[in-house]
Amino acid sequence: MIGELDDYKDLVVKCSHCALCEAICPVYLEDMLETHVARARVDIIDQTLCKKTMPVTPRVKDIINRCLLCTSCTRECGAAVPVHEIIIAARHALYGGKRQNWLKRYILKNMIENRGIVGLPAYLLWTAQQLHLTPAGFPSIILSTFTSKYRGTYPASSEKRQKVAYFVGCATNSMDPETGESVMRVLAHNGIEVVVPDKLMCCGIPALAEGDMKSAQNAVRNNIAILADLDVDAVVTDCTSCGMMLRAETGKVLPADDPLLKKAAELAPKIFEVTDYLNKIGLSPAPTTMQESYTYHMPCHRGWTPTLDTAPIEVLSCIPGMEYHAMSEPGKCCGAGGAFFTEYEDLSGKIRKRKLDDILSTGVKTVISQCPGCRSYLASALGRKTRVIHPVTLLRKAYGL
Amino acid sequence: MKTAGMRADELEKDLKHLLGGEKVKTEPEDLLAYSSDATRYYAQGKPDAVVLAESVDDVCKLLKYSNQYEVPVTPRGAGSGLSGGATPIKGGIVLDMKRMNKILEISKGNMTARAECGVVLANFSRAVEKEKLFYPPDPQSMDVCTLGGNVACRAGGPRGVKYGTTPHYVLGLEAVLPDGSVINTGGISVKQANGYNITQILTGSEGTLAVITKVNLRLLPLPPERKTMVIVCDSPQLAAELVSRIIYEGAIPAVLEYLSVGAIWLMNSFRPIPVAQDGQAYLLIELDGTPAVIAADIDLIKSISVKMGAREVKIIEDNKQAEGIWKARRNLSPLVLRVYKKSISEDVTVPRDRIPEMVKAVSEIGASLGIPTGMSGHAGDGNIHPGVQLAEITPEMEKKAEEAIRLIIEKGIEMGGTVSGEHGIGLHKSQYIEKELGKIQMDLMKRIKYAFDPKGIMNPGKIWPEEKA
């Protein structure tokens with residue numbers, strides 16, 4: 001189970017020490033210090049928290065915190081060491097869910113239960129933002145959510161082809177309802193009936209990042225119980241991190257004897273990111289011509305279906321007139337890492353700088369990405385001339401919805 | 001502290017004063033991170049300090065100091081070596097060279113390049129390919145390993161069969177001697193006959209003579225096209241015999257890899273390989289050149305394979321799929337750990353015509369000791385990487401593994417082979433090198449070492465076993 005370091009003892013020593021993680025760890029590539037690459041992190045966790053041959057020093061804590069949980073090393077590891085899960089377990093072992101101060105924990109708890117920053121925390125953060133007290137790159141707080149508008153079942157606008165549930169994540173719900181609007185319209189236009197289930201919580205991934213297993217389990221239990229009982233062909237999300245959590249991590253958050261595990265396993269193959277899903281069923285009707293150039297920033301949490309990484313390019317290639325300009329290394333991390341950038345502002349800024357250079361050298365003014373964290377973090381540095389949007393937004397525009 | 005007469009806190013203070021605090025790391029977590037290379041089982045000691053060099057000047061200052069106080073220095077690239085060569089077994093300083101990572105010049109006219117030693121090989125290859133040039137050496141750690149490390153270890157790779165290995169491309173070096181003086185060996189001309197070839201003495205010296213800081217490399221024109229093919233065989237012997245036959249008949253693949261059935265299974269679990277999974281051995285081939293040359297080679301290889309009884313010859317048309325297969329190949333060494341607890345990859349290399357015999361010998365040695373062995377490697381150049389695998393790490397299995405390795409290496413040397421084709425000697429093979437080279441040559445090597453490094457501070461304990469006092 002994620003969070004229980006004991007369950008990872010054998011996997012920790014699986015690392016072959018091949019060093020190939022040096023090619024992909026965004027933190028290492030910035031720091032250029034081997035202590036900050038997966039191979040060493042895993043060894044340090046093994047010695048300090050598993051075998052306890054070395055003491056837990058403030059430096060050890062920093063090494064464990066200084067990880068974006070981008071999952072690049074896990075995705076590419078030949079020996080199949082689940083590095084990000086080991087980091088989460090180490091954070092749990094170190095802090096027991098109390099890595100942050102009480103105020104941040106209060107905001108997180110509220111976010112997980114209400115799917116986003118809503119209510120009192122929203123007012124607090126909104127006020128802080130007006131006074132320029134939030135960290136640079138922090139997404140704009142708005143005071144009306146997607147789920148305050150959408151709840152229940154929405155019919156297909158043409159002949160019904162499928163029925164899906166739309167899992168609306170925290171970011172879309174409380175900071176970017178426009179993307180949610182686009183998802184609703186594009187799905188309906190494609191003959192899909194959409195259920196927006198009530199009472200869902202956050203997917204739980206922000207709690208995992210804190211090693212807060214209690215909150216993660218709480219969210220996961222709530223969500224599986226609701227989603228598994230729906231009679232739908234698929235569950236779609238616009239957010240790659242929510243999708244990864246629902247499809248690939250949810251089962252690992254629960255203890256091995258949990259009765260909900262079976263439901264979670266049955267549900268997992270139905271989870272799709274919305275562009276990946278649209279490619280599977282095929283766009284119908286076909287969009288009309290739209291002249292537009294775009295570039296694509298691949299979210300890090302993309303390894304949970306084999307087609308997800310290039311799904312937006314594939315779906316947008318159905319729009320005649322669209323031109324894709326690949327940036328160099330589209331899969332390179334942008335530095336946001338959920339809330340990581342608020343904790344390691346300088347480091348994240350340096351990682352983002354490389355991404356910005358790659359984006360700007362394409363000369364294109366539209367960047368697409370399915371991760372709301374990446375979008376807002378990149379947008380805050382790109383200024384008004386370049387927009388960063390979800391691919392479904394372009395689809396909506398092409399359909400004239 | 002293993003360094004004679006100096007305390008760790010004194011060393012730290014001195015180094016920080018000498019180089020600036022940010023370039024010197026001495027916390028226990030750093031020392032752990034720099035205690036081994038890609039052979040974690042050879043991690044036998046921690047350094048007392050890690051130094052992150054950013055300039056030749058840093059290296060000069062550090063070596064001058066280390067030489068004066070006789071502090072061991074272990075130079076390090078990515079720490080991806082497979083010989084234990086970058087492990088600081090005598091403590092002292094690990095000198096991380098990865099921050100010296102600038103490509104200084106790519107000359108299209110002269111078809112050469114100059115770069116700092118810490119440049120990552122894959123970044124270098126991509127940069128020269130943008131100029132339609134080609135740097136063939138391709139050790140499987142190419143995504144992380146550094147040019148300096150490649151030169152120091154005479155790194156090879158699958159393309160060795162057609163293009164040779166790193167030493168064939170090194171024209172000159174900038175290096176810092178243990179006393180802190182800088183030498184520029186060789187040059188940037190493709191022909192040189194200027195006295196002893198110090199360039200090639202440093203090439204393969206494994207950090208025991210000097211610290212390589214810049215490299216001058218020869219480049220080739222970029223082949224216009226590449227094609228991947230897989231041959232499925234029903235017996236290891238057939239695959240092994242095909243290797244020398246294909247080359248003898250005149251097709252020279254850029255890469256000609258022999259893969260055991262286990263290797264294919266593991267690679268397939270990482271990236272799909274669209275061939276029958278129940279063959280007994282496989283050849284993985286890359287051809288490069290003009291489309292006409294590639295087409296002719298494919299025809300030739302196909303007809304030889306069919307004639308000799310191969311089951312399937314598959315051309316991989318989809319480039320993305322081919323890339324995936326090569327990526328899986330590069331990951332083979334960590335992939336083995338999905339199944340086994342420990343895997344030791346040997347580097348013994350035999351003349352190409354002895355490969356069938358070697359394949360047979362390795363599996364017999366494994367069978368007689370009851371220990372799993374595998375053979376997957378660059379068969380085209382005789383460098384077939386026999387591996388010994390442990391399902392459980394017990395003293396008994398460790399002993400068997402050691403015995404199997406000894407027998408495999410002795411067999412290889414007996415066939416006229418060498419103990420290492422491309423990994424270098426390091427710690428891993430130091431006990432076998434004298435068997436291959438003889439005492440007189442070993443003594444000569446030691447005198448060369450003394451000429452460069454009279455105080456013995458450079459990467460002590462490597463290449464030959466430490467002499468007992």
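Visitor: Which element gives the largest share of the lining of the second largest cavity?

Guide: Rolling a probe the size of a water molecule over the atoms shows where empty space is left. On a 1 Å grid over the protein atoms alone, a cavity is a set of points where a 1.4 Å probe fits but cannot get out, and lining residues have an atom within 4 Å of a point. Here α6(A) supplies the largest share of the lining of the second largest cavity, 3 residues. Helices (H or I, at least four residues) are DSSP runs, numbered from the N terminus. This is a predicted model, in which local features need pLDDT of at least 70, side-chain atom pairs count only at pLDDT 80 or more, and totals for chains, interfaces and linings use all residues. Residues are numbered from 1 along each chain as its sequence is written, chains are lettered from A and ligands numbered from 1 in the order in which they are written, and side-chain values use heavy atoms, with hydrogens and water left out.

Visitor: Which residues lie nearest the centre of the second largest cavity?

Guide: A:C25, A:P26, A:C67, A:C70 and A:C73 do, out of 15 lining residues. Two or more residues each come from α2 (26-31), α3, α5 and α6 (83-95) of chain A. The space amounts to about 100 Å³, a volume being the space filled by probe spheres set on the points, with grid points joined across faces, edges and corners.

Visitor: How many cavities of 30 Å³ or more are there?

Guide: The count is 4. The largest cavity holds about 180 Å³. Its lining has 20 residues, with A:C15, A:C18, A:C21, A:C73 and A:C77 nearest the centre. For this lining, α3 (38-50) and α5 (72-76) of chain A each give two or more residues, and α3(A) gives the most, with 3.

Visitor: How many disulfides are there over all chains?

Guide: A disulfide is a covalent bond between the sulfur atoms of two cysteines. The rule used is a pair of cysteine sulfur atoms within 2.5 Å, and the count over all chains is 0.

Visitor: What about A:C371?

Guide: Its sulfur is 3.4 Å from the closest cysteine sulfur, in A:C374, which is also too far for a bond. A:C371 is buried as well, at 11%.

How values were computed: Buried means under 20% relative accessible area, exposed over 50%, partly exposed in between (1.4 Å probe, protein chains only). On a 1 Å grid over the protein atoms alone, a cavity is a set of points where a 1.4 Å probe fits but cannot get out, and a pocket is an open set with protein on both sides within 12 Å along at least five of seven lines; lining residues have an atom within 4 Å of a point.
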